[in-house]
Amino acid sequence: MAKTKVRAKLKNGIVQVKALVKHPMETGARKDKKTGEVIPAHYITEVSCTHNGTLVMQADWTGGISKNPYFSFNFAGGASGDKVAITWKDNKEETETVEAEIK
């Protein structure tokens, strides 16, 4: 089951990409209310997007991003039917790549 939802829409020559990642984004600084134990850090560290295989966006994240992060960005040069792919990697080496077609 995909943890990431991606949409890409072309308007006036600009592609707007919207993504929602289902991820706990734990900083490692919170404690479990029941046990008092520190909740281990688990957060996304790298996010990138390619358009037909060419990198169009790359970001380095830290634990300061909220749970289930949503992000959006624009780029020029896409066409309806082209593919965009969002890839993320976290501090536990988990990764996911999700592809969407530009509408």
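The structure is a predicted model, in which local features need pLDDT of at least 70 and side-chain atom pairs count only at pLDDT 80 or more, while totals for chains, interfaces and linings use all residues. Residues are numbered from 1 along each chain as its sequence is written, and side-chain values use heavy atoms, with hydrogens and water left out.

Figure 1. Along the sequence the pattern is β-β-β-β-β-β-β. Strands (E, at least two residues) and helices (H or I, at least four residues) are DSSP runs numbered from the N terminus. The C-alpha atoms fill a box of roughly 50 × 25 × 20 Å along the principal axes. Of the 103 residues, 35% count as buried; buried means under 20% relative accessible area, exposed means over 50%, and partly exposed lies in between (1.4 Å probe, protein chains only). The exposed surface comes to about 6600 Å², of which carbon and sulfur atoms supply 50%. Accessible areas come from the Shrake-Rupley method with a 1.4 Å probe, and for residues only the protein chains shown count as cover. Among contacts between residues at least 6 apart in sequence, 53% join residues at least 24 apart, a contact being heavy atoms within 4.5 Å.

**Figure 2. Charged side chains of the protein number 16 positive and 12 negative.** The centres of the two sets lie 10 Å apart. Lys and Arg count as positive and Asp and Glu as negative, whereas His and the chain ends are not counted. Each charge is placed at NZ of Lys, CZ of Arg, CG of Asp or CD of Glu.

**Figure 3. An open antiparallel sheet has three strands in the order β1-β2-β5.** Strands β1 (4-11) and β5 (70-76) each have a single partner strand and stand at the edges, so one side of each is left without a neighbour in the sheet. From one strand to the next the twist averages 15 degrees; axes are lines fitted to C-alpha atoms, for helices over the stretch in contact, and angles run from 0 to 180 degrees between N-to-C directions. Strand β2 (residues 14-21) runs antiparallel to β5 and is joined to β5 by seven bridges. Two strands are taken as paired if DSSP finds at least two bridges between them. Gln16 has Asn74 of β5 as its bridge partner.

**Figure 4. A second open antiparallel sheet has four strands in the order β4-β3-β6-β7.** Here β4 (54-60) and β7 (95-101) are the edge strands, each with a single partner strand, so one side of each lacks a neighbour in the sheet. The twist averages 15 degrees from one strand to the next. In a regular strand, side chains alternate between the two faces of the sheet.

**Figure 5. Strand β3 pairs with β6 over seven bridges and with β4 over six bridges.** Both pairings are antiparallel. Six of the eight residues of β3 are buried, so β3 is largely enclosed by the rest of the structure. Towards β6, the bridge partner of Thr50 is Ala85 and that of Cys49 is Ile86. Towards β4, Val47 stands opposite Ala59. The hairpin of β3 and β4 has two residues between the strands, and Asn52 in the turn has a positive phi of about 50 degrees.

**Figure 6. Strands β6 (residues 83-90) and β7 run antiparallel and are joined by seven bridges.**

**Figure 7. Glu26 and Lys31 are found in the loop between β2 and β3.** Glu26 is buried, with a relative accessible area of 13%. Apart from neighbours within four places in sequence, Glu26 is in contact with Ile39, Pro40, Ala41, His42 and Tyr43. Lys31 counts as exposed, at 56% relative accessibility. With neighbours within four places again left aside, Lys31 is in contact with Gly36, Glu37, Val38 and Ile39.
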